[in-house]
Amino acid sequence: MKLLLSLMFVLWANYGFAHEMTPAYPKFVTSYIDDVSSTKMKLFNRREDVSYYEVEVFNNDWEPVPFASTNRIFKLGYQKSTSFEVYIQTKDLKYAVYICTVSKNFKQEKKVTIVASRICSKID
Amino acid sequence: MLKKLAVISSLILTTPAFAVNSPINGQVQAKCSIWTETQGVYGNPLPNKLDTLPASGGTKASIRVDIAQANFYKARFTHPITFSSSPTLNDTVAWTGSTVLGQVSVSGMSVYEAAKVISPSNVTTFDMTLAGSTWFTVSSTALYGYNKSFPAGSYVAQIVAECIAK
């Protein structure tokens, strides 16, 4: 019985596809470029159905804030993680509130609802 | 000769033992994971209706949100109000949908349903005040025109599941 419960837990725990990003409260530091601040984020893709993610930066009203990143849209394989840096001009930093990554879904040929996942960290 | 060699090699191989503390370090970060457990599927119970309800032959989407530390995130779900891909539609589509709390890993999470905020009508926000796993069920219904049949073809609509640091 215990074995069955353990097996069920293991199967249950690994079922599904996840999208994770850390840290929840990134801190910006002065970068090597004048008047530009940067922070480092880490993304983990456990969604087998998703291979691409897009980086977004928003203000408090969910309007886009200008930023630069190594890649705005990048490919990330299943069970892989990557680190990426986000650069924001110091003058824009006071408006920036959220750094988000959103999954990019491929077009499907069925009667389905596809789930786009977005995780947003709040700038500390 | 062989004995000498064995002694020398044992001396070389024997390394002094140092007693040191070997701490195992770990860190739990405030982290949110969005798990897509079941993708929704539309049933087509009537010519003018696409519905994720099981009674209509559909499947509701099930999304799990794991929170590592309490009170750091809110979860927001947007059910569709447009198709992301469909055949050409010449009439309007009336959309309805909902996001409801499903299973919970901590009994205290059951209050999330009463405390949820719906604004605008297709966006539901839950305040994730406890750590653990929470399941959400998203349903969607599309009604086409006035008793018109949906044109044959594939229909895809997108649900957005978000985890936002507070």
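Predicted model: local features only at pLDDT ≥ 70, side-chain atom pairs only at ≥ 80, totals over all residues.
**Chains A and B, side by side**

Hi everyone, let me begin with a caution: over residues 1–15 of chain A, pLDDT stays under 50, and the model has one contact beyond four places in sequence for that stretch.

How does chain A do on confidence overall? Its average pLDDT is 85, with 83% of the residues scoring at least 70. Helix 1 of chain A, residues 2–13, has the lowest confidence in the chain, a mean of 40, while strand 4 of chain A, residues 52–58, has the highest, at 96.

Now over to chain B. Its secondary structure is two helices and twelve strands, and from the N terminus the order is α-β-β-β-β-β-β-β-β-α-β-β-β-β. Of its 166 residues, 30% count as buried. Among contacts in chain B with a separation of 6 or more, 74% are between residues 24 or more positions apart.

Next, where the two chains touch. Here 36 residues of chain B are in contact with 29 residues of chain A. On the chain B side, strands 1 (32–38), 2 (40–41), 5 (61–67) and 12 (156–165) each supply at least two residues. Which of the elements of chain B gives the most? That is strand 12, with ten residues. Sorted by class, this side of chain B has 20 nonpolar, eleven polar and five charged residues.

Strand 12 of chain B also runs parallel to strand 9 of chain A, residues 112–122, and nine bridges join the two. Thanks, everyone!

Conventions. Residues numbered from 1 in each chain as written. Chains lettered and ligands numbered in written order. Contact = placed C-beta atoms within 7 Å. Helix = DSSP H or I, 4+ residues; strand = E, 2+ residues; numbered from the N terminus. Nonpolar A, V, L, I, M, F, W, Y, C, P; charged D, E, K, R; others polar. Pairing = 2+ DSSP bridges. pLDDT = per-residue confidence, 0-100. Buried ≥ 20, exposed ≤ 12 C-beta atoms within 10 Å, placed from the backbone.
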